[in-house]
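Here's a quick briefing to read with the model open on your screen. It starts with a pocket, then moves on to the core and a helix.

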Amino acid sequence: MNKVILMGRLTRDPEVRYTQTNNTLVASFSLAINRRFVRQGEERQADFINIVAWSKLGEFCSKYFKKGQQVSIVGRLQTRTWDDEQGQKRYITEVVAEEAYFADSRKDGEGANGNFDATFGTMPAANNGNSDFEISSGDDLPF
């Protein structure tokens, strides 16, 4: 299984390009991800991870993600190789985003109800306590 879940801050605004073959949008950016531990007497260290988001998700990231913002990315790890202008083989390891979410706390005036669904860019319908079914106690469960 190849699954990566990251949470960090954008080091720069997403950069948008289009593929030459079929004009598909691709957004690339990197996340600074703090390490969980700090050695005594040292500053906290971070890893910088390259992220690539394609098509609609890339469009969403380029439109709503900004430098310094904390986001969460779910995707897969990928390694690519290519030959540079001097004919030397180059390697890069990056995360291909499959889902993207805001991870900052909501600021005043943003999104009146519920959480923003960053994957599809739509607000979920407000439930306001109305549900198709309700369970009053654990005794009502059929199992």
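The lining of the second largest pocket splits into seven nonpolar, three polar and four charged residues. Here Ala, Val, Leu, Ile, Met, Phe, Trp, Tyr, Cys and Pro count as nonpolar, Asp, Glu, Lys and Arg as charged, and the others, Gly among them, as polar. Bear in mind that this is a predicted model: local features need pLDDT of at least 70, side-chain atom pairs count only at pLDDT 80 or more, and totals for chains, interfaces and linings use all residues. Numbering runs from 1 along each chain as its sequence is written, and side-chain values use heavy atoms, with hydrogens and water left out.

**Pocket**
- Of the 14 lining residues, Arg17, Ser28, Val52, Arg80 and Glu94 sit nearest the centre of the second largest pocket (lining residues have an atom within 4 Å of a point on a 1 Å grid; a pocket is an open set of points where a 1.4 Å probe fits, with protein on both sides within 12 Å along at least five of seven lines).
- Strand E4 gives the largest share of that lining, four residues (strands are DSSP runs of E, at least two residues, and helices of H or I, at least four).

**Helix H1**
- Leu57, Gly58, Phe60 and Cys61 are the buried residues of H1 (buried is under 20% relative accessible area, exposed over 50%, with a 1.4 Å probe and protein chains only).
- Those buried residues line one face of H1, because they fall within an arc of 160° seen down its axis (taken from the directions from the axis to the C-beta atoms).
- Lys56 and Lys63 are exposed on the face turned away from the buried side of H1.
- E3, E4 and E6 are among the elements covering the buried residues of H1.

**Phe65**
- Beyond its neighbours within four places in sequence, Phe65 is in contact with residues including Phe29, Phe60 and Ile73 (contact means heavy atoms within 4.5 Å).
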